[in-house]
Amino acid sequence: MSDPTALSASELAAAFAARALSPVELAKALLARIDLADGELHVFVTLDREGALRAARDAEGEIFAGRRRGPLHGVPVGVKDIIDVAGLPTGCNSRLRHGHLARTDADVVARLRAAGAIILGKVATHEWALGGPDFEGPAPPARNPLDPSRHPGGSSSGSGAGLAAGFFPLALGTDTGGSIRHPAAACGVVGLKPSFGLVPRGGVVPLAPSLDTIGPMARTVQDVSLLFDAIAGPRQAMASGRDGSIAGLRIGFVRSFHERDIPDPDPAVRAALERAATTLEEAGARVVPVDLPSLSDFAAANRAILTAEAFAIHASGLRTCPEAYGALSRRRMLVGAFLTAEDLLAAHRRRRELTAAVDAAFEEVDILLTANNMDPPCRMDDEAAMARNYGRQARTPFNLTGHPALALPCGLFVDGLSVSAQLVGPFGKEERVLRAGAALEGSRQAGRRA
Amino acid sequence: MSPEDIDALVRLAGLERTREKFPEDVADAAAVASAIRAALPHRPGPDPDRDGEPWPPPFAEDGA
């Protein structure tokens, strides 16, 4: 058996079924890897060593007795630290959460346990899923395993970094303004923001309730699909059974985001996206150009709604103990105090217009191909670069519209870090984006092997 | 947003103490909110919630 920490969830399931590997062996190998490397990477906020080993022993007994629950049985998952896991703190990287202990599992964690997954622990988040890296916060910020001096993305920073580090094969993240797809891009992994409302949010600390979405992250599209099936419920799981072919799929290539709306994106972005479009065409899809409204239109409406809702949730704390908030999240949340009802209504009207524009595009094509990140991740200690890059991305449109969006690697920057693309589908059509994502990923892997 | 507008909104939101402790954060937040407001379509136009009827709803010119 090769290094089990390098295996995908689907490879692990096969190894368990063949008795070539046991869940306990896997859990011990992952814990050893975490012990070796997490001192530098700071992925785990709470590592549930005993709970994970106990669950692994239970899974081993059930699987080897022929009572396998499904493909996630015995597979460890890292959970973003704004999602409740019974018996563990939900810290949100906030000073205000000191001493918190979740009494019950979040709905999404309950679904994972029902599928037999093992909760390995809670992983780093930016404060309240909003702030950036906070060197003064309760937990040190997670580092990017591909280059620990670089930003790992956020706010689901521990989820992305832990996958890239080989600490777990699956992770849960949340995405309100791109917080799954940003670390997926920065850490070179795969993340899906499902359709808004599809995955239940009970037991997850809200940031902006009309935008918050929980989603799966993994190192491969197939693993993202497995995790999505487990958390999205039986009806969606049946819908996402995918056979791989994208022959005849109509793909709208949105070049306007990186060619019109963002000044001077890294040249690797354009090159990688053009190659991705060609790869999808070679796999049988038909790629046609599609224009959407400008990124700044989407961003303004998204920021108005996000900051207004976040301020409404945190108003009391920001009045009475503003010093308990990190500078980045305090500044971002306070924006909501200076927006009026008229502003918020204008943002919601614009949201509906922009959603209608994206829906209209889906009358002509089956999915959209767009850029994700416009630059390689900047240095963790470069506040000016982080502020500059904050808006240089194409993720927020699909928080605003609620459409499902898959982020996956499609090329490399000159420094070897990943360029990430997005595949976006009509509401509720995750199956399509996952199928196209698997085709793109498979072609890239085949190209590297050739 | 004028300093008077910011003062009024700080009082309305009960953020006087927050501004005392973090004046730069409050000033920065007000500036960002102004930029967001400027980028939003505060203009008459078809209302997506009312089958494209005008927004804001025009007041009756006959005084009814």
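Trainee: How do the axes of α11(A) and helix α13 of chain A cross, and within what distance do they come?

Mentor: The axes of α11(A) and helix α13 (residues 341–361) of chain A cross at roughly 135° and come within 9 Å. Axes are lines fitted to C-alpha atoms, for helices over the stretch in contact, with angles from 0 to 180 degrees between N-to-C directions. Helices are DSSP runs (H or I, at least four residues) and strands likewise (E, at least two), numbered from the N terminus. This is a predicted model, in which local features need pLDDT of at least 70, side-chain atom pairs count only at pLDDT 80 or more, and totals for chains, interfaces and linings use all residues. Residues are numbered from 1 along each chain as its sequence is written, chains are lettered from A and ligands numbered from 1 in the order in which they are written, and side-chain values use heavy atoms, leaving out hydrogens and water.

Trainee: What does that angle make α11(A) relative to α13(A)?

Mentor: It makes α11(A) oblique to α13(A). Angles under 35 degrees count as roughly parallel, over 145 as roughly antiparallel, 65 to 115 as roughly perpendicular and the rest as oblique.

Trainee: Which residues make the contact?

Mentor: Among them are A:Phe298, A:Ala301 and A:Ile305 of α11(A), and A:Leu344, A:His348 and A:Leu354 of α13(A). Contact means heavy atoms within 4.5 Å. By class, this contact of α11(A) with α13(A) has nine nonpolar, one polar and three charged residues. Here Ala, Val, Leu, Ile, Met, Phe, Trp, Tyr, Cys and Pro count as nonpolar, Asp, Glu, Lys and Arg as charged, and the others, Gly among them, as polar.

Trainee: And in chain B, how does helix α3 cross helix α11 of chain A?

Mentor: Helix α11 (residues 295–320) of chain A and helix α3 (residues 23–39) of chain B have axes that come within 9 Å and cross at roughly 130°. α11(A) and α3(B) are therefore oblique to each other. The contact is made by A:Ala300, A:Arg303 and A:Ala304 on one side and B:Val32, B:Ile36 and B:Ala39 on the other.

Trainee: What area is buried between chain A and chain B?

Mentor: About 2600 Å² is buried, with carbon and sulfur atoms giving 63%. Buried area is the accessible area (1.4 Å probe) that two parts lose on being put together, summed over both. In chain A, A:Arg319, A:Phe338 and A:Arg349 lose the most area to chain B, together 29% of what that side buries. The contact takes 28 residues from chain A and 31 residues from chain B.

Trainee: How many salt bridges cross the interface of chain A and chain B?

Mentor: There are four across that interface. A salt bridge is a side-chain nitrogen of Lys or Arg within 4 Å of a carboxyl oxygen of Asp or Glu. A:Glu323 forms one with B:Arg17, the closest N and O atoms being 3.6 Å apart.

Trainee: Which residue does A:Arg150 meet in a salt bridge?

Mentor: A:Arg150 meets A:Asp415 (2.8 Å, N to O). A:Arg150 lies in the loop between β3 (118–123) and α5 (157–165) of chain A and A:Asp415 in the loop between β10 (405–412) and β11 (418–424) of chain A, so the pair ties together parts that are 265 residues apart in sequence.

Trainee: Switching to the backbone, which peptide bond is cis?

Mentor: The bond from A:Gly154 to A:Ser155 is cis, with omega near 15°. A:Ser155 is in the loop between β3 and α5 of chain A.
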